[in-house]
Amino acid sequence: MNTLRHMFKTRVHYSPSVFIVFSILCMTCLTAACSSDTGQDAAKSEEEATDIRQDVPEDVADVDESAHVAQLILSPDPVEAFVTQTVQINFRAYNDHGIQLDDADVTWRVENTQVATVDESGLLLGLEAGQTTLSATSGDAQASLEVIVRPFDELERIEIIPAQREVGVGESLALEVEAFRADGTKVTPLSLPVDWHSDAPERASVDASGLLRGIARGWVNIQASVGELRAEAGFRVELKFKAFGNNGGGYVISTGGQIYTMYFDEVTENSDGLWMPEFNQIRINDDAHFISIGNNQNGGRCALTRDGRVYCWGQNVLGNLGVDFVTTVLESPTLLETELRFESLAMGQYSTCGLTGSGSIYCWGDLLISGNFEDRYPDFLVGQSYEPALIDAGRYERIMMTRNTLCAQEIKTNAWYCMGSGEYGTLGNGSLDDQDELVAIGEPRVFLKLASRNGTTVGEGICGIDAQFQVWCWGRASGSIPQPVSWTDEMVDIQPQGLGFCSVTPDRHIQCWGRLSPCAVGRRAWVPNSETAYYEVPQAPIEGLPPDWESLAGRCVLTEGGDIWCWGLSQSTGNPIRPLECEPSAQRVQTF
């Protein structure tokens, strides 16, 4: 009590708010001292004290010192800039406890505004050569650093980056400029204003930010100007691809979702004497983005868009392109009239089948798949439909077709089932009889991948990779049930090539086998005399494959960046006796 009296006496200048605080303290103490009779009196006193506390003005509440800025650190320090260059100044703010603050407000100031200026975000602009000081303030904290603005003529040259000198049609590439002093040192970061120009804007355009956009195949020169400095770089605008046609088939899909033919019969000789395939776009009237395409032996083609629609063109045989039986040819891609949406497509000789997102299989054309019309004489249209008809509902995740066989992989078990013609044993169930419904193939039944030429039957029938990465084949010479091949090399992928196959080892080597030409298996040969031979075991790995290849089709691979590499390309030798040989190693295909 004496202590409180002394404090009150020595506090000469006080505010009403302080008087209220002391009143609260006094009443609390008196209440505690005087209410020893009953607990009810103590509780009543505490309620009164609480009421008084609630009346205390907010301006006497404790101040939160955790948000108080005690230190500022600026970077870069010092600042070096060229005339017209901008440099972003960054800061870190800390409180009294050394904890970094994320939302501190900073005020910026430049001492000599003729040398440089700074905006409210800390972006500094060099105006003329010289030195000055930049300061930053936040609360009671302050920091400063030296600013050096150098004359522009200290820069000797500029270069356009990145070093990548290609851009895909329909794709973009961000360009920048690097600047160097006379001693070869690089100016980093460089944020000088750059003027960009394209000498062929019909092939590639470049905007004010340096974004290069590929429009059409060919070469284009891009110029960059920084003050009086100039730089120029040539860029190749080329096609980039994301998918091959199903099992090859001479079709590829660009990164922009367009379909192109890739024919090795129509070639252009490059500077190294290699004969490069020609690429021609398949034009359609609709705005469609394609993800896959299949074809058959009769000249029919069907392609799938990313929203699940189907377009078909070419030879229409008994409705397998989804149009009436009278129409024999569709000159251009035509939309299949159906409300169904598909996840994948497969084409046989007389049938086209689609797999829906629910796992159901629908087909059009020959719904029996077999193509065995003799047993349907005289009504050949029995079992035919040009509209998608349900074959099996809701349990499959993958489909594939040979000439007259449809095979599907079950979702739960990963087992494969086939239907259609049993003539050559491609059903894999031990029978040569046709099957109008999907039946299980023989053991091991579960395969990670199956392969057969899409729309035809290859010399080895169908081959698959089991769960132990061993290869099995059936159909034709291999018999009517799966048989293990004569070799035990492990394989993780398999694709058809001609009358044989190419398979992928666990370490990503590609080896080819079956009835193939020497060029197809990666051997050098005289092209006119490159006759096929039977290679019972996988041959030596194909050389020259790019490390980033992702998918395989025929004699070609597709890289992560959208480039195509092929082996066995014809090459001019200059020798009149043997004018053409095939290049055994993989070479990048020219697509511009």
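Strands, marked E, are DSSP runs of at least two residues, numbered from the N terminus. With that in hand, Val492 sits in the loop between strand E40 (483-484) and strand E41 (493-497). Keep in mind that this is a predicted model.

**Surface patch**
- Val492 teams up with Leu448 and Phe469 in a nonpolar patch on the surface, and together they have about 220 Å² of accessible area.
- Val492 counts as partly exposed because its relative accessibility is 38%.

**Nonpolar cores**
- The largest nonpolar core has 25 residues, and Ile160, Leu175, Trp196, Leu212, Ile222 and Phe235 have the most contacts inside it.
- Strands giving two or more residues to this core include E11 (155-161) and E19 (218-226), while E20 gives the most, with 5 residues.
- Beyond its neighbours within four places in sequence, Leu212 touches several residues, among them Leu175, Ile222 and Phe235.
- There's also a second, separate core of 24 residues, including Ala81 and Val115.

**Disulfides**
- A search of the whole structure turns up 7 disulfides.
- Cys302 is joined to Cys312 (S to S 2.0 Å), and both are buried.
- The torsion about the S-S bond of Cys302 and Cys312 is about 105°, so this disulfide is right-handed.
- Cys302 lies in strand E26 and Cys312 in strand E27, so the pair ties together parts 10 residues apart in sequence.
- Cys519 and Cys582 are joined too (S to S 2.1 Å), but with -90° about the S-S bond their link is left-handed.
- Cys519 sits in a loop and Cys582 in strand E49, 63 residues apart.

Definitions and conventions: Residues numbered from 1 in each chain as written. Predicted model: local features only at pLDDT ≥ 70, side-chain atom pairs only at ≥ 80, totals over all residues. Heavy atoms only, no water. Patch = residues over 30% accessible without salt bridge, like charges linked within 9 Å, V, L, I, M, F, W, Y side chains within 5 Å. Areas by Shrake-Rupley, 256 points an atom, 1.4 Å probe, with all protein chains shown as cover. Salt bridge = Lys/Arg side-chain N within 4 Å of Asp/Glu carboxyl O. Helix = DSSP H or I, 4+ residues; strand = E, 2+ residues; numbered from the N terminus. Buried < 20%, exposed > 50% of the residue type's maximum accessible area, 1.4 Å probe, protein only. Core = buried A, V, L, I, M, F, W, Y, C linked by side-chain atoms within 4.5 Å. Contact = heavy atoms within 4.5 Å. Disulfide = S-S within 2.5 Å.
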